[in-house]
Amino acid sequence: MMTEEKKVSFFEKSILWIKESVEKEVTPSVALAIGVKDQLLVKQTFGFTSVTAERSAVNPLTLYDMASVSKMMSTSMSAFRMLASGQINLQVPISHYLGQSVPKDKQDITIQHLMTHTSGLPPYVMLCDKIDDAKAALPYVLSIPLQCKPGTKTIYSCMGFILLGMVLEAAAHQSLDIIAREQVFAPLSMTHTGYCPLQSNQTDKSNIAFTEQREGKWLIGEVHDENASFLGGVSGNAGVFSNLDDCIRFASMLAQLGVIDGKTYLPQELLISALHTVPAEKGLHYALGFKVNTADRFDGGLFPNTGFGHFGFTGTEIVADAASGLYVVLLQNRVHPTRDNTQALQMRQTLNTLAAIDFAEYQKSQ
């Protein structure tokens, strides 16, 4: 069982850094958690849901747009579970799932290519500028010219994860939101996590962190990513909303290498293998479904070199260390009121460094 937050005087550097950053208006709000395996050591929130008059103080239940952390929480984790049950195969070409619609230049792309960002698809193409209907998304994505031959180069690609989500839907004969709920959120008891939160009667809109404006209206519970929005809020690259309590459960599972509440959620061998499935190209940061630490260090110069996880454009992160079990959850809405805020990205990098320093001091006390 996961233990409740332990009142300790450690991680003070990390906490103070975040507290002062919010006070200096580097970001409107932060929900922070730090733990080791099943032990929660820090759980604090700072700031407000927005800079508007309608703002409210954030708390552990405040929903945040997870942005690209959705790739890990939803799409990759669903793929891992489907892999473990035999529903998908990493090395089988995607044409096995999508049929004859896959053009010749993409017939060698596999699920492994998509999960390691080696499919050759470009980083981002604005779908709303290319097609008029979300139903045309799959044929359009399949028509996008590749930037390199599959498996030869790493190109971080949202388009690849959009396609991965569509492949999983074809394999499971379900929509991605249902797949993620059944494969990830429900088994992990992440009761407030999912796509399109405003469709639930249980969602408190006043407790959702704002992001940017779109067409003169603040985005509150509507996905910030343009492609996920065009696709109706459910996409393989973005769209998940979550809160601190749920993210703690997810991070703790990662830190325990697939175990939560003393039970195996994901086979440890699968997760370890995923972390070691790294393309043989120098300086890469992506394993199978995760951003990983490399020789030039994780996002934060002193974070353990066995670290893995993911970051999101809205400022979110969930990272863990496979060796020690340390994990850090950082939720923020740094794109509110505008995405031009880059200070918050530097804040995140410094947090990871300070968390590593604080953790070293914590270990000495044990």
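Select helix α11 first: its buried residues (buried meaning under 20% relative accessible area, with exposed over 50%, partly exposed in between, a 1.4 Å probe and protein chains only) are Ala 344, Met 347, Arg 348, Leu 351, Asn 352, Thr 353, Leu 354, Ala 355, Ala 356, Asp 358, Phe 359 and Tyr 362. The model is predicted, so local features need pLDDT of at least 70 and side-chain atom pairs count only at pLDDT 80 or more, while totals for chains, interfaces and linings use all residues. Residues are numbered from 1 along each chain as its sequence is written, and side-chain values use heavy atoms, with hydrogens and water left out.

**Stop 1: α11 and its surroundings**

Helices here are DSSP runs of H or I with at least four residues, strands are runs of E with at least two, and both are numbered from the N terminus. α11 has 23 residues, and its first and last C-alpha atoms are 33 Å apart, close to the 33 Å expected at 1.5 Å a residue. The expected span of a helix is 1.5 Å times one less than its number of residues.

Contact means heavy atoms within 4.5 Å.

The peptide bond between His 336 and Pro 337 is cis, with omega about 5°. Most peptide bonds are trans.

**Stop 2: α1**

Select residues 12–23, helix α1. Its 12 residues should span 16 Å at 1.5 Å a residue, and the end C-alpha atoms are 16 Å apart, which agrees. Which residues of α1 are buried? They are Ser 14, Ile 15, Ile 18, Ser 21 and Val 22. Looking down the axis of α1, these buried residues fall within an arc of 135°, so they line one face of the helix. The arc is that of the directions from the helix axis to the C-beta atoms.

The buried residues of α1 pack against β1 (29–36), β2 (39–47), β13 (326–332) and α11 (343–365). Turn to the face of α1 away from its buried side to find the exposed residues Glu 12 and Glu 23. Just after α1, select Glu 25, which takes a positive phi of about 65°.

**Stop 3**

Two packed helices are described by the angle between their axes and the distance between the axes. Axes here are lines fitted to C-alpha atoms, for helices over the stretch in contact, and angles run from 0 to 180 degrees between N-to-C directions.

Select α2 (residues 69–84) together with α6 (residues 158–172): they pack at an angle of about 40°, with their axes 11 Å apart. α2 and α6 are therefore oblique to each other. Angles under 35 degrees count as roughly parallel, over 145 as roughly antiparallel, 65 to 115 as roughly perpendicular and the rest as oblique. On the α2 side of this contact are Lys 71, Thr 75, Ser 76, Ser 78, Ala 79 and Met 82, and they meet α6 residues including Phe 161, Leu 164 and Leu 168.

The axes of α2 and α7 come within 9 Å and cross at roughly 65°. That makes α2 roughly perpendicular to α7. The α2 residues at this contact include Met 73, Met 77 and Arg 81, and those of α7 include Leu 176, Ile 179 and Gln 183.

**Stop 4**

Select Val 141 in helix α5 (residues 137–143). Val 141 counts as buried, at 0% relative accessibility. Leaving aside neighbours within four places in sequence, Val 141 is in contact with Lys 106, Leu 121, Leu 127, Met 159, Ile 162 and Leu 163. Val 141 and Leu 163 are 22 residues apart in sequence, and their C-alpha atoms are 7.0 Å apart.

Then select Lys 135, in the loop between α4 (111–115) and α5. Is Lys 135 buried or exposed? Lys 135 is exposed, with a relative accessible area of 75%. The C-alpha atoms of Lys 135 and Leu 231 are separated by 8.3 Å, and the two residues are 96 apart along the chain.

**Stop 5: two loop residues with positive phi**

Most residues other than glycine have a negative phi. Select Ser 189, in the loop between α7 and β4 (194–195). Ser 189 has a positive phi of about 55° and counts as partly exposed, at 39% relative accessibility.

End at Cys 196, in the loop between β4 and β5 (213–214). Phi of Cys 196 is positive, near 50°, and Cys 196 counts as buried at 17% relative accessibility.
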